[in-house]
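Please open the model in your viewer and keep the selection tool at hand.

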Amino acid sequence: MDMQRILLTCRAGFESDLAAEVQQRSLEHGVHGFVRARPDTGFVEFQGHDSDAGNQLLTRMPFSDWVFARQWLGVMAHWPQLDTRDRVTPVARLAGAEPRGFRELWLSFPDTNEGKSLSRLTRKLSRPLRQALAPQLQRPTSPWRLHLFFTSGSELWLGVTPVANGAPWVLGYPRLRMPTSAPSRSTLKLEEAWLQLIPDAGRPEWLQPFQRAVDLGAAPGGWTWQLVQRGLQVIAVDNGPMDPALMASGQVEHRREDAFTFRPRRPVDWLVCDMVEKPARVADLMARWLSRGWCRYAIFNLKLPMKRRWQALQEILPHVRQALDSAGLNHRLAVKQLYHDREEVTVLAAPDWRC
Ligand SMILES: C[S@@+](CC[C@H](N)C(=O)[O-])C[C@H]1O[C@@H](n2cnc3c(N)ncnc32)[C@H](O)[C@@H]1O
């Protein structure tokens, strides 16, 4: 199945950042084409010059490398005006031509107000589609998920998301429930970061009870709460007050100090940092902690400017990489604009897990 195009979803308002990323990354992977992006649509389209440019990107580029893309699909067909009396037959006809079938069926829509209003339609269509596609679905060896992406009631993109190289959640992020005892909503950022950025196989080893952590800019304690839930001992650095119930856990030491001058007495396993600060300053601080061996793993937020966020990242991240290289560390950086992030991205730095 030749696919010339791919479609990538993102947070609404971040289309130009994703477009800049797609442009650069496709070139880096030797795939030539152009990008179409419209503001506030929640998605971007890449059209390759070669008839299989979409396949090339889907196979050459690890999905986890994307910063601004939440999910992607290789486009098999695009109907700008689908006959709303029968949306099933054209899909079944095209999907039926794929001999390997599909692992499962996904229906999705952009993360915009208009997009969300399509959730009822996708629920309604799910059953008749599953019936019509029954022979093609639930093929456990197929490398594809069949993915229908609706941008209106009559505009449909039909495509595939690789099972082994895409986000494991249809909309590209896990649905998380706000824990009632967590002191702030920011807690969900760290929980999502662990799910999105730490490879599944590595999680039990990387995050263990009795590890030691420092949380820079910790108050009121949403991130510290996540660490405490997993049994870690935490030094919470912030001049602001910490949640009293969290302090009662006995696992938190609160230090009212400046995060930029604080030094741990001995190295810790984890450094986490959610300060509202200039991103270059935070990046330098993280580079210092990692390169001096004060922490093994770090998760931190970089608050980006409102415009040209991709370009801003290209200026900031090389400093961290350079500091790690000069210290002889083989750390890898994973960077993602999370669902629970706003004008920011979240970065994981850890010893290279692909070696
Ligand atoms: C977004 S809040 C952190 C929220 C926290 N992660 C949570 O989940 O509850 C940012 C915090 O960084 C702290 N902060 C900012 N600059 C700081 C500095 N130089 N040293 C220590 N804390 C700082 C602020 O006091 C504030 O409490």
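## The nonpolar cores

Start with Leu-148, Leu-216, Trp-289 and Leu-302, the residues with the most contacts inside the largest nonpolar core, which has 84 residues. A nonpolar core here is a set of buried Ala, Val, Leu, Ile, Met, Phe, Trp, Tyr and Cys residues joined through side-chain atoms within 4.5 Å. Buried means under 20% relative accessible area, exposed over 50%, and partly exposed in between, with a 1.4 Å probe and protein chains only. At least three residues of this core come from each of domain 1 (5–162) and domain 2 (187–351); domain bounds come from an automatic or database domain assignment.

This is a predicted model: local features need pLDDT of at least 70, side-chain atom pairs count only at pLDDT 80 or more, and totals for chains, interfaces and linings use all residues. Residues are numbered from 1 along each chain as its sequence is written, and side-chain values use heavy atoms, with hydrogens and water left out.

Leaving aside neighbours within four places in sequence, Leu-216 is in contact with Val-237, Ala-259, Phe-262, Leu-271, Val-272, Cys-273, Asp-274, Met-275, Leu-285, Met-286 and Trp-289; contact means heavy atoms within 4.5 Å. A second, separate core has 28 residues, including Leu-197, Val-252, Val-272 and Ala-350.

## The largest pocket

Next select Phe-63, Ser-64, Asp-65, Gln-196 and Arg-354, which lie nearest the centre of the largest pocket among its 38 lining residues. On a 1 Å grid over the protein atoms alone, a pocket is an open set of points where a 1.4 Å probe fits, with protein on both sides within 12 Å along at least five of seven lines; lining residues have an atom within 4 Å of a point. The space in this pocket is about 1,000 Å³, a volume being the space filled by probe spheres set on the points.

Which element gives the most to the lining of the largest pocket? H11 does, with 8 residues. The elements that give two or more residues are helix H1 (15–28), helix H6 (187–197), helix H11 (309–326) and strand E13 (331–336). Helices (H or I, at least four residues) and strands (E, at least two) are DSSP runs, numbered from the N terminus. By class, the lining has 21 nonpolar, 7 polar and 10 charged residues. The largest pocket lies between domain 1 and domain 2, because both give residues to its lining.

## The second largest pocket

Move to Arg-11, Arg-185, Tyr-339, His-340 and Arg-342, the closest to the centre of the second largest pocket among the 13 residues that line it. About 320 Å³ of space lies there. The lining divides into 1 nonpolar, 2 polar and 10 charged residues, and at least three of its residues come from each of domain 1 and domain 2.

## The two domains

Colour the two domains separately. Their C-alpha centres lie 33 Å apart, and 15 residues from domain 1 and 17 residues from domain 2 take part in the contact.

## Backbone details

Go to Ala-219 and Pro-220, which are joined by a cis peptide bond with omega about 0°. Pro-220 lies in the loop between strand E8 (212–216) and helix H8 (222–229).

Asp-40 has a positive phi, near 60°, in a residue other than glycine. Find Asp-40 in the loop between strand E2 (33–37) and strand E3 (43–48); Asp-40 is exposed, with a relative accessible area of 53%.

End at Arg-308, in the loop between strand E12 (295–303) and H11. Phi of Arg-308 is also positive, near 50°, and Arg-308 is exposed at 56% relative accessible area.

Terms used. Nonpolar A, V, L, I, M, F, W, Y, C, P; charged D, E, K, R; others polar.
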